[in-house]
Each structure stands twice: as structure tokens, then as C-alpha cells.
Amino acid sequence: MAERLSVPIVGSDFKMVDGKPVGQVRVDIYKRYNWGNPEGGVPRGDIKGVPQNDLARLNETGLAHDFDIVGSTTFYAAPQPGS
């Protein structure tokens, strides 16, 4: 299952109609992937079958690296028919 991110909707050329954006909308995404602490931490839910501590040890030894995901998209949101 894909992780659901909470992202802000930014831009000035849209309005909210019945709780939904209408007009030109820009969405900016930022997600930090941090493999954690080898001594403990919360188990990851997105990588099955590999304990969190093992992932963190890969990072500690240089075989895995923390990274950022950054993105932006702009689209036009049209009102739905009948609303």
C-alpha cells in the first residue's frame, strides 16, 4: 500500500468549492527517508521482512543513505458536473 502524504496545496489562482479546489493548483512534496538508529526505533511499515535495526546498520556502514524526495506539480482542477 502506498504511503499517504499530507501535503499543502499552494498557489493563488484557485478557490475551494464544497471542500475541493477549483482552478490552477500547485502541490509541493517533501519527504525525508531516514533509515534510523541501529539501537532501536519504530519498525518501518513500508519495507516488509527487514527489521528496522538492520536497515539502520546498512546506513551506519555506508551501504544505504538517507535521502530526500522533493517534487512539485501544477494542474487545473475543474468543478465536478452536478456540483
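## Exercises on strands, rings and a helix

Met16 stands opposite Pro21 in β3. This is a predicted model, in which local features need pLDDT of at least 70, side-chain atom pairs count only at pLDDT 80 or more, and totals for chains, interfaces and linings use all residues. Residues are numbered from 1 along each chain as its sequence is written, and side-chain values use heavy atoms, without hydrogens and water.

**Exercise 1.** List the elements of the protein from the N terminus on.

*Solution.* Start with the terms. Helices (H or I, at least four residues) and strands (E, at least two) are DSSP runs, numbered from the N terminus. The protein has 1 helix and 4 strands. Their order is β-β-β-α-β.

**Exercise 2.** Find how β3 pairs with β2 and with β4.

*Solution.* Two strands pair if DSSP finds at least two bridges between them. Take β2 and β3: they pair in the antiparallel sense over 4 bridges. In this pairing, Val17 stands opposite Lys20. Now take β4, residues 67-77: β3 and β4 pair in the antiparallel sense over 11 bridges. There, Arg26 has Thr74 as its bridge partner.

**Exercise 3.** Describe the place, backbone angle and exposure of Asp18.

*Solution.* Locate Asp18 in the loop between β2 (14-17) and β3 (20-33). The hairpin of these strands has 2 residues between them. Next, check phi. Most residues other than glycine have a negative phi. Phi of Asp18 is positive, near 50 degrees. Last, check exposure. Buried means under 20% relative accessible area, exposed over 50%, and partly exposed in between (1.4 Å probe, protein chains only). Asp18 has a relative accessible area of 67%, so Asp18 is exposed.

**Exercise 4.** Work out whether Val22 is buried or exposed, and list its contacts beyond four places in sequence.

*Solution.* Val22 belongs to strand β3. Its relative accessibility is 14%, so Val22 counts as buried. Contact means heavy atoms within 4.5 Å. Leaving aside neighbours within four places in sequence, Val22 touches Asp13, Phe14, Lys15, Val17, Ala77 and Pro79. Val22 and Tyr76 are 54 residues apart in sequence, yet their C-alpha atoms are 7.3 Å apart.

**Exercise 5.** Name the residues in the ring cluster and classify each ring pair.

*Solution.* Rings of Phe, Tyr and Trp (its six-membered ring) pair if their centres lie within 6.5 Å; planes under 30 degrees apart count as stacked, over 60 as edge-to-face and the rest as tilted. The whole structure holds 2 aromatic pairs. In one, the rings of Tyr33 and Phe67 have centres 4.9 Å apart and planes at 10 degrees, so the pair is stacked. Tyr33 lies in strand β3 and Phe67 in strand β4, so this pair ties together parts 34 residues apart in sequence. Tyr33 is buried at 17% relative accessibility, while Phe67 is partly exposed at 35%. Trp35 and Phe67 form a tilted pair, 6.3 Å centre to centre, with 55 degrees between the planes. Trp35 sits in the loop between β3 and α1, 32 residues from Phe67.
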